[in-house]
Amino acid sequence: MTDSSVLSGERKSAPARPKGPPVWRDMDQQELDAAYDQSKYAANQAQIQGRRLALSARARAALGEPLRLSYGASPIEQLDVYRTSQANAPVNVFIHGGAWRNGRSADFAYLAEIFVRAGAHSVILDFTNIDDAGGNLMTMAAQVRSAVAFVYRNATSFGGDPHRLYVSGHSSGGHLAGTVVSADWCRDFGLPADVVKGGLLCSGMYDLKPVRLSHRSSYVKFTDEIEQELSALRHLDRIACPLVVAYGTCETPEFQRQARDFAAALEAAGKPVRLLVAEGYNHFEILETLANPYGLLGRAVLAQMRLAME
């Protein structure tokens, strides 16, 4: 028996799902979980990740293998330095994403060439993942903060200028970059409050309360201390550098809202901030614009660092 809706070209829609009780704003648990799961909004995630690996292999072939330095005691606490030919050059430190669960510095080498060609050193961090950290997000934040402190203290050893140090991060790396720019550098490291001269925070999370309520709590052991200390939105007073905050219009509604709310809070607090909206880009596509000097993120970061392509 043939369904008459098929013959007429119509497609039956799935029955409406009963909406559960609100968990965060007007979202029920299923909606909130989806809003912190990029795969629900980016069908081409695997394609972009495969492209990223191919581009990174090509970048390493063009630039040469990076200088590999240890910033901590554990094997994972290392970083890659792609050096420019200019002396006393500015430094951009990149913190990768991956839901706090995956990613390695070598996977993001394709982001280094734009900086090297423009006369800056590109530093890409390795750090532990949340599973190896036993669910403790404090461990990851401590590592990336320590890595930035290491770069500041050792920049001159690879020809960098410690007084022109910038940080960039994407996705969960955008969150971790937020913990870097909102760190208490004087108290915890004995360093100047303005260690970081500028930051790009792309597609990150800046208030962990809704994240804690989502499915991510199944692998992150959130506590009140973690939620408070690692939410950059709650430490605007510590932020001592201009920020670029960015998101794509095809990202999940929560990632878009997090960026807008964070940028608005920075502006209200009198902090220099620029909000960038990437029209038509999803969570994974937007990062590729950082590798392009004419892309949305690439152009913005070069301007922030006062650099120009050759």
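1. On a 1 Å grid over the protein atoms alone, a cavity is a set of points where a 1.4 Å probe fits but cannot get out, whereas a pocket is an open set with protein on both sides within 12 Å along at least five of seven lines. A residue counts as lining when it has an atom within 4 Å of a point. Grid points are joined across faces, edges and corners, and a volume is the space filled by probe spheres set on the points.

2. The model is predicted, so that local features need pLDDT of at least 70 and side-chain atom pairs count only at pLDDT 80 or more, while totals for chains, interfaces and linings use all residues. Residues are numbered from 1 along each chain as its sequence is written, and side-chain values use heavy atoms, with hydrogens and water left out.

3. How many cavities of 30 Å³ or more does a search of the whole structure find? The search finds 2. The largest cavity has a volume of about 50 Å³. It is lined by 13 residues, and His96, Trp100, Asn102, Phe127 and Met140 are the closest to its centre. Its lining comprises 4 nonpolar, 8 polar and 1 charged residues; here Ala, Val, Leu, Ile, Met, Phe, Trp, Tyr, Cys and Pro count as nonpolar, Asp, Glu, Lys and Arg as charged, and the others, Gly among them, as polar.

4. The second largest cavity has a volume of about 40 Å³. Among the residues that line it are Val181, Trp185, Asp194 and Arg238. By class, this lining holds 7 nonpolar and 2 charged residues, with no polar ones.

5. The largest pocket has a volume of about 370 Å³. Of its 25 lining residues, Gln45, Gln49, Gly98, Ala99 and Phe284 lie nearest its centre. Two or more lining residues come from each of α3 (45-63) and α11 (285-288), and α3 gives the largest share, 4 residues. Helices (H or I, at least four residues) and strands (E, at least two) are DSSP runs, numbered from the N terminus. The lining has 8 nonpolar, 12 polar and 5 charged residues.

6. Lys271 lies in the loop between α10 (253-268) and β8 (273-278). Apart from neighbours within four places in sequence, Lys271 is in contact (heavy atoms within 4.5 Å) with Leu236, Asp237, Ile239 and Leu266. Which backbone oxygen does the side chain of Lys271 reach? That of Ile239, at 2.9 Å.

How values were computed: A polar contact is a pair of N or O atoms within 3.5 Å; within protein, one must be able to donate a hydrogen and the other to accept it, and residues adjacent in sequence count only if both atoms are side-chain atoms.
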